[in-house]
Amino acid sequence: MRTCAVLLLSLASQIACAAAAPLPKPVKVALDAVTAICTEVEGKPNTVDAIKRVDLNADSHEDYVLDVGSVNCDGAASVYGDREKGVLVFVGDGKGGAAEAFHEPSFGIRLDDSGAGSKLWLTVMGAMCGKQPAADFASENTKFFFQNNAIHLRDETNSLSNFDE
């Protein structure tokens with residue numbers, strides 16, 4: 001029984017170490033810049049949910065999504081505003097590095113791991129995809145997702161198309 005407990009503890013330790021792998025330098029620099037906004041006003045940044053690790057381009061390497069909307073600033077809750085927040089996507093190289101592939105504002109993100117490959121859904125203003133401004137905020141219903149090194153659009157007609165920058 002003791003051997004089994006030691007084996008489980010060792011396995012749990014290895015899993016925890018793997019999950020806590022250091023961030024690539026560009027991701028860490030971007031995260032530090034976001035948290036500096038909070039610390040400059042004497043707040044305490046909480047970044048527990050800020051970085052999502054997922055393979056978005058199906059190359060078997062970990063990619064990184066920095067969701068500024070998931071950063072909380074204790075002591076200065078409104079420091080990041082109440083509307084769009086930055087979303088940065090970094091493509092991992094499998095060697096501990098990553099390159100920024102996307103940086104735009106979003107009203108929220110959702111990761112979708114169902115089906116073939118992971119998708120990052122972004123809720124954005126329609127102007128980002130060439131739509132005329134809506135009559136009011138509630139009329140906006142456009143979402144992007146990032147998959148296989150391309151930005152895709154799903155609009156209110158539920159159709160998909162590629163978005164070329």
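Read along the sequence, the chain runs α-α-β-β-β-β-β-β-β-β-β-β-β. That makes two helices and 11 strands. The model is predicted.

**The chain as a whole**

- The chain has 165 residues, and 33% of them are buried.

**The four-stranded sheet**

- Strands of a sheet pair through backbone hydrogen bonds, either parallel or antiparallel.
- Four strands form an open sheet here, in the order β2-β3-β5-β6, and the pairing is antiparallel.
- Which strands stand at the edges? They are β2 (51–54) and β6 (98–106). Each has a single partner strand, so one side of each is left without a neighbour in the sheet.
- On average, neighbouring strands of this sheet are turned by 20 degrees against each other, with direction ignored.
- β2 and β3 (residues 63–67) run antiparallel and are joined by four bridges.
- Two facing pairs lie along these strands. Ile-51 stands opposite Leu-66 in β3, and Arg-53 has Tyr-64 of β3 as its bridge partner.
- β3 also pairs with β5 (residues 85–92), again in the antiparallel sense, over four bridges.
- Val-65 stands opposite Val-89 in β5.

**A covered strand: β3**

- How many of the five residues of β3 are buried? Five of the five are.
- In a regular strand the side chains alternate between the two faces of the sheet.
- Both faces of β3 are covered. Asp-63, Val-65 and Asp-67 are buried on one side. Tyr-64 and Leu-66 are buried on the other.
- Tyr-64 touches residues from several parts of the sequence, including Leu-23, Pro-24, Val-27, Ile-51, Phe-90 and Ala-98.

**Strands β7 and β8**

- β7 (residues 108–112) and β8 pair in the antiparallel sense, over five bridges.
- Arg-110 has Trp-121 in β8 as its bridge partner.
- β8 (residues 119–124) is mostly covered, with five of its six residues buried.

**The disulfide**

- A disulfide is a covalent bond between the sulfur atoms of two cysteines.
- The model has one disulfide. It joins Cys-38 to Cys-73, with an S to S distance of 2.0 Å.
- This pair links distant parts of the chain: Cys-38 is in helix α2 and Cys-73 is in strand β4 (residues 72–74), 35 residues apart.
- The link of Cys-38 and Cys-73 is right-handed, with 85 degrees about the S-S bond.
- Are these two cysteines buried or exposed? Cys-38 is buried, and so is Cys-73.

**The nonpolar cores**

- In soluble globular proteins, nonpolar side chains tend to be buried together.
- The largest nonpolar core of this model has 17 residues. Those with the most contacts inside this core are Val-27, Val-34, Ile-51, Tyr-64, Leu-66, Tyr-80 and Phe-90.
- Which elements give two or more residues to this core? They are α2, β3 and β5.
- α2 gives the most to this core, with five residues.
- Another core lies apart from this one and has nine residues, among them Val-54, Val-87, Leu-120 and Val-124.

**An exposed lysine: Lys-25**

- Lys-25 is found in helix α2 (residues 25–39).
- Why does Lys-25 count as exposed? Its relative accessible area is 66%, and exposed means over 50%.
- Lys-25 and Ala-98 are 73 residues apart along the chain, yet their C-alpha atoms are separated by 7.6 Å.

Technical notes. Residues are numbered from 1 along each chain as its sequence is written. This is a predicted model: local features need pLDDT of at least 70, side-chain atom pairs count only at pLDDT 80 or more; totals for chains, interfaces and linings use all residues. Side-chain values use heavy atoms; hydrogens and water are left out. Buried means under 20% relative accessible area, exposed over 50%, partly exposed in between (1.4 Å probe, protein chains only). Two strands pair if DSSP finds at least two bridges between them. Axes are lines fitted to C-alpha atoms, for helices over the stretch in contact, and angles run from 0 to 180 degrees between N-to-C directions. A disulfide is a pair of cysteine sulfur atoms within 2.5 Å. A nonpolar core is a set of buried Ala, Val, Leu, Ile, Met, Phe, Trp, Tyr and Cys residues joined through side-chain atoms within 4.5 Å. Contact means heavy atoms within 4.5 Å. Lists of a residue's contacts leave out its neighbours within four places in sequence.
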